[in-house]
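Subject: Structure handover

Dear colleague,

My findings follow the display.

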Amino acid sequence: TFVQLVLSVETTAIFSPEAFLEIFTPCNSAGDKRFLDVLEVENLIWDTFKRFNEFESFKKQLYNRKVSIYWMRFSQIKEEFKELFFNGMKENLKNINNSEYEEDFLDNLSHRNKEIYKNVLKSKTPIELELSMENYKLKEENKKLKKQNKKILNSNSWKITKPLRSIKHKI
């Protein structure tokens, strides 16, 4: 395969890890049963990197890619295939959870991907996963708004206009 060919070449300096992995992002956007292929393709990519002793060099990208592409495909798949995809995704992530990679996996995941991973493992249904992720999204947005609010309340313009705000309330 192409992955094996590239990994077996002595010098692959023309590929950044991101560009290399981008080659293997499926372009299909139909949302049909073919989306299930990504579950196996990601495992094959990991196996190939391990076989060529390159897994350690690319592990952060590989870990994050697996979770993010699973989430992307889960979000895009048609409703009729969602349960099937959810079960396959959960099974693959459970295998990581029960392996020697788990701690390393969690240490290398982005904050968002860590949340996806944890929510997939604890969810019993696709709907529960979607609601958990929506809750996560709202919490992150709330944190961001609180941070913005704090910044505004501590700004010079807010302090300078304080007398004007108190006049308005007295009228």
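**Helix α3 and its surroundings**

Helix α3, covering residues 37–51, comprises 15 residues and reaches 21 Å from its first C-alpha to its last, close to the 21 Å expected at 1.5 Å a residue. Please note that the model is a predicted one.

Within α3, the buried residues are Val-38, Leu-39, Glu-42, Asn-43, Ile-45, Trp-46, Thr-48 and Phe-49. Just after α3, a positive phi of about 55° is found at Asn-53.

**The chain as a whole**

The protein chain contains 10 helices and zero strands. Its elements, read from the N terminus, run α-α-α-α-α-α-α-α-α-α. Of its 171 residues, 33% count as buried. When contacts between residues at least 6 apart in sequence are considered, 64% of them join residues at least 24 apart. The accessible surface of the protein chain amounts to about 11200 Å², and carbon and sulfur atoms account for 55% of that area.

**A nonpolar surface patch**

On the surface, a nonpolar patch is formed by Ile-152, Leu-153 and Trp-158, which together have about 260 Å² of accessible area. Ile-152 lies in helix α8, residues 126–153. Is Ile-152 buried, partly exposed or exposed? Ile-152 counts as partly exposed because its relative accessibility is 46%, and the partly exposed class lies between under 20% for buried and over 50% for exposed.

With kind regards

Notes
Residues numbered from 1 in each chain as written. Predicted model: local features only at pLDDT ≥ 70, side-chain atom pairs only at ≥ 80, totals over all residues. Heavy atoms only, no water. Patch = residues over 30% accessible without salt bridge, like charges linked within 9 Å, V, L, I, M, F, W, Y side chains within 5 Å. Areas by Shrake-Rupley, 256 points an atom, 1.4 Å probe, with all protein chains shown as cover. Salt bridge = Lys/Arg side-chain N within 4 Å of Asp/Glu carboxyl O. Helix = DSSP H or I, 4+ residues; strand = E, 2+ residues; numbered from the N terminus. Buried < 20%, exposed > 50% of the residue type's maximum accessible area, 1.4 Å probe, protein only. Contact = heavy atoms within 4.5 Å. Expected span 1.5 Å × (residues − 1).
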